[in-house]
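Work through the exercises below with the model open. Each task is followed by a stepwise solution.

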Amino acid sequence: MSRRADQPDTPADLAVRRILRERKVPAFTMIAGAGSGKTTSLIKALDHVIASRGSEMLAQRQQVACITYTEIARQEIEDELAGNPIVHVSTIHSFLWTIVEPFGEDIRQWLGEHGALDVDQAEAKYAAMGPQTRQKTKQDLRDKIDRKRDQLSKLPAVEEFRLGVGTNYARGIVGYADIVKLGPDLILRRSLLARLVSRRYPVLFVDESQDTFDAVVDCLRHVAVEESDAFCLGFFGDPMQMIYTNGTGEIPVEPDWEEIPKPENFRSPLKVLDVINVIRGDHDILHQRSGLPVDKQRAGEVTYFVFPQGVGRNELLGQTRKWLREQSEIDAWKADDGTDQSKTLVITHRMAAGRLGFEALYDTFHGTVLAADFTEGKAWPLTPFLGTLLPLVEAAGSNRNALLPMLRTSSPLLRPGNIDAVSAQETLATLRAGVDELVKVVAVAGPGSIKDALAAAHNHSLIELDDRLIALLGDDLPEPMGSIDKALRAYLDCDVTELEGYSRYISQESPYSTQHGVKGAEYQDVIVVLDDDEGTHNQYSYEKFFGLRSFSSGDGTVTRTRRLLYVCASRATRALAIVFYATDVDAAIKALGGLGLPGAESVVTAEMVTRELDDGAET
């Protein structure tokens with residue numbers, strides 16, 4: 001039994017267990033706020049199904065399904081359950097694929113219909129282009145239409161379909177963007193598929209339900225209604241934590257469904273808890289309370305700062321961290337060893353890039369097809385540095401004995417069959433010279449040093465490079481063919497030192513993270529930076545949220561911003577600081593107080609931070 005399953009039960013856990021035991025309620029929704037232990041409740045529910053119905057399900061070749069939002073969440077749940085075969089844990093995309101994969105002709109028909117519709121829409125867009133449209137823009141769209149028509153013509157010959165990242169009709173690949181439409185559509189249209197879901201997975205739980213796609217929720221609701229006698233559906237989530245625009249948010253309940261609130265919060269200290277309850281608002285279904293025993297509850301600390309927008313952000317933020325360490329009444333903002341272990345949450349990756357020194361690197365990949373991989377640390381052009389070259393440089397300076405084992409993995413010269421006793425000494429000399437040159441390039445750095453480092457590694461066979469990078473290492477280059485080609489050239493022109501800050505950022509070793517990237521995480525001390533000026537998300541505005549900018553009644557910006565602020569503020573387990581960069585400092589201070597945030601009557605300004613630090617230095 002997993003560690004989470006051994007945690008004490010909450011009333012919400014008991015309610016779920018009753019529903020699963022009695023089998024009278026076809027579906028339920030658990031509303032579990034930040035810090036409530038939503039995943040623990042989910043694990044407990046799965047554990048109960050395993051214990052109470054496991055043998056029955058095995059005999060009938062059934063499983064309890066658990067759909068998660070990310071691969072990381074899927075792995076976490078799998079680990080908690082030790083890979084129990086009774087439970088099928090999968091992401092949304094892979095779950096839908098397990099249902100529709102056997103129905104190849106239905107897949108072919110759906111892809112054909114929707115592909116033809118896409119072509120018709122693109123043709124209409126092309127026809128509407130006027131003389132002012134750039135010729136390249138028109139040609140790119142025409143090429144896209146021609147490629148889509150060519151793929152559609154090859155669709156009838158596809159013998160087998162498989163799931164992939166991007167759809168390719170000619171190769172029978174159904175992409176992630178299509179499966180979340182195709183799967184629900186087929187389940188809604190084919191009663192056989194709805195029956196198949198309920199017979200194969202008589203119990204189905206959806207994790208992070210607020211972020212699940214509308215179409216997926218609709219098809220599962222359909223199964224729960226149509227197959228109510230043989231199916232139990234459970235949604236675990238919190239509408240207040242829906243911070244992505246494609247999520248469904250609140251799950252409407254049918255008359256015979258049950259809604260289960262889970263108001264306990266096991267993470268936040270009392271002062272932070274008061275703040276996040278105000279952010280949730282009086283109209284919210286959930287008012288959170290501490291779930292800890294009284295003797296384990298702590299007050300915590302909340303501090304508000306209002307700074308003017310403009311230059312000097314990084315320096316002022318550094319002074320703010322120092323001020324917090326010196327002024328804290330609970331000895332927060334430092335670890336036991338005295339170092340700063342706080343986490344600063346910013347609105348965009350660009351803001352973090354600027355503060356950690358990899359802004360040019362960010363700009364290179366932002367807006368390209370590699371943007372998502374870049375923010376996750378998986379972009380293929382960077383893997384030579386992250387996986388091999390930077391570790392080689394580090395080992396060369398601190399532990400040269402580690403170089404040879406690392407090179408045995410990376411260098412083609414050291415592979416079996418490529419080295420013999422006669423050439424061994426020459427080979428090692430080549431590699432040694434390559435490492436020394438690489439270290440020198442990184443030490444000198446400067447614009448273009450990424451290209452110089454890759455060239456040194458390639459010329460001395462420290463690593464095998466992708467052909468696309470090798471083609472760009474020479475001086476006689478052809479004209480760039482597309483956006484990726486241009487991005488790769490800009491990447492090679494970057495300073496190799498930017499990779500250090502980037503590496504720290506993606507490995508969560510830096511003091512920064514984006515506000516979207518921390519849901520589910522927790523940190524002792526958290527600084528939340530509210531700065532519309534540096535953000536590029538026009539879907540969020542802290543100035544609108546605080547009433548400092550006007551907005552229309554149909555503008556969802558305020559709601560989205562409220563949710564994002566709630567997610568960020570609820571990460572802190574000890575101390576919370578909210579730093580608001582405003583165009584009008586006096587108005588912002590007044591707005592903070594007007595919102596009713598506890599402690600907002602004592603706002604710290606930039607002048608106060610500077611003055612008190614100076615006074616402390618003089619003392």
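Buried means under 20% relative accessible area, exposed means over 50%, and partly exposed lies in between (1.4 Å probe, protein chains only). The model is predicted: local features need pLDDT of at least 70, side-chain atom pairs count only at pLDDT 80 or more, and totals for chains, interfaces and linings use all residues. Residues are numbered from 1 along each chain as its sequence is written, and side-chain values use heavy atoms, with hydrogens and water left out.

**Exercise 1**

Task: Classify arginine 199 by accessibility, then find its salt-bridge partner.

Solution: 
- Step 1. Arginine 199 has a relative accessible area of 42%, so arginine 199 is partly exposed.
- Step 2. Apply the salt-bridge criterion: a side-chain nitrogen of Lys or Arg within 4 Å of a carboxyl oxygen of Asp or Glu.
- Step 3. The partner is glutamate 227, with the closest N and O atoms 3.1 Å apart.
- Step 4. Helices (H or I, at least four residues) and strands (E, at least two) are DSSP runs, numbered from the N terminus. Glutamate 227 sits in the loop between α9 (214-226) and β7 (232-237), arginine 199 in helix α8 (residues 191-200), so the bridge ties together parts 28 residues apart in sequence.
- Step 5. Glutamate 227 counts as buried at 13% relative accessibility.

**Exercise 2**

Task: Which residue forms a salt bridge with aspartate 9?

Solution: 
- Step 1. Lysine 44 does, with the closest N and O atoms at 2.8 Å.
- Step 2. Aspartate 9 is in the segment before α1 (11-22) and lysine 44 in helix α2 (residues 38-59), 35 residues apart; the pair links distant parts of the chain.
- Step 3. Aspartate 9 is partly exposed at 34% relative accessible area, whereas lysine 44 is buried at 7%.

**Exercise 3**

Task: Start at arginine 149 and trace its salt-bridge network.

Solution: 
- Step 1. Arginine 149 pairs with glutamate 123, the closest N and O atoms being 2.9 Å apart.
- Step 2. Arginine 149 belongs to helix α6 (residues 135-154) and glutamate 123 to helix α5 (residues 104-127), 26 residues apart.
- Step 3. The network links Glu123, Arg142, Asp146 and Arg149.
- Step 4. For context, the structure holds 26 salt bridges.

**Exercise 4**

Task: How many residues has the largest nonpolar core?

Solution: 
- Step 1. The largest core has 63 residues; Leu361, Ile450, Leu454 and Tyr491 have the most contacts inside it.
- Step 2. Helix α15 (residues 383-398) gives the most to this core, with six residues.

Definitions and conventions:
A nonpolar core is a set of buried Ala, Val, Leu, Ile, Met, Phe, Trp, Tyr and Cys residues joined through side-chain atoms within 4.5 Å.
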